[in-house]
Amino acid sequence: MRKPIIAGNWKMFKTEAEAVDFVKKVKPLVKDVKDKTMIICPTFPALSKTADELQGSNVALGAQNIFWEDEGAFTGEISGPMLKAVGCTYVIIGHSERRQYFGETDETVNKRIRAALKHKLSPIVCVGERLEERESGSTFKVVETQIRGAFKDIDEAHWDNIIIAYEPVWAIGTGKTATPDQAQEVHKFIRGLLPKSVAEKTRILYGGSVKPNNVKDLMAQPDIDGGLVGGASLKPDSFSQLAMF
Ligand code: PEP
């Protein structure tokens, strides 16, 4: 049985004070949710105070990126030990915005996954095709390349901690959600690419304009195990509605 996950990717939104305010408001709304894992991923400067405010709650903390070295002359980067020390248990890796704007590749995604696993952070690894790739019929090829590159030589023993997010790029922040059938088709395909011993227990989240009004239909699909949510995770009300699908 795969416990569903609702993970909020806050991207570059919310100051520290706004993040703390969100947590104060969301905690009572989701306090009885036991059948899902809930995660919020604020910006780096908001992590510390958000972690304090989350203490004792049923919402976990994640970061939006991780560098592959533990420390050193890497201006602007954040390492696994630093994320661990601040209270993170999850980290988003390879989001399409990082691939598009910051030169992330399958190779660097692989290095970041290794760093996360080394420091006992669960990576939420994002894959997904762009609009022109879907339109030219190469969705499966693109996703397969991303999955094979991301998980190259990752030991099967680590798979309990790995989460995958399928996020068609054309659906992120656009209001255009993949239909439940379109998403299910790719989720099933991804599961089929995973090592046999781990495929059935690995959680594969869908991301791309998930909202309270479409979450139920998406989550009803057999291979969709939760959502990675941007816009609709920013308000306590809609986050809590998502967590109660
Ligand atoms: C995301 O940022 O991963 C995402 C899916 O965003 P949105 O829900 O806003 O489409």
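## Ligand site and an aromatic pair

An oxygen atom of the ligand lies 2.7 Å from an N or O atom in the side chain of Lys11. This is a predicted model, in which local features need pLDDT of at least 70 and side-chain atom pairs count only at pLDDT 80 or more, while totals for chains, interfaces and linings use all residues. Residues are numbered from 1 along each chain as its sequence is written, and side-chain values use heavy atoms, with hydrogens and water left out.

| Side chain | Distance to a ligand oxygen atom |
|---|---|
| Lys11 | 2.7 Å |
| Glu167 | 2.7 Å |
| Asn9 | 3.1 Å |

Taken alone, the ligand exposes 290 Å², and the protein buries 98% of that area (Shrake-Rupley method, 1.4 Å probe).

The ligand is surrounded by 14 residues (a heavy atom within 4 Å). The closest are Lys11, Glu167, Gly173, Ser209 and Gly230. By class, this shell has 8 polar, 4 nonpolar and 2 charged residues, with Gly counted as polar and Asp, Glu, Lys and Arg as charged.

Elsewhere, the structure holds 8 aromatic pairs (ring centres of Phe, Tyr or Trp, the last by its six-membered ring, within 6.5 Å). One of them joins Tyr166 and Tyr206, with 6.4 Å centre to centre and 55° between the planes. That pair is tilted, as planes under 30 degrees apart count as stacked and over 60 as edge-to-face. Tyr166 belongs to strand E6 (residues 163-166) and Tyr206 to strand E7 (residues 203-206), 40 residues apart; strands are DSSP runs of at least two residues, numbered from the N terminus.

Conventions
A polar contact is a pair of N or O atoms within 3.5 Å; within protein, one must be able to donate a hydrogen and the other to accept it, and residues adjacent in sequence count only if both atoms are side-chain atoms. Helices (H or I, at least four residues) and strands (E, at least two) are DSSP runs, numbered from the N terminus.
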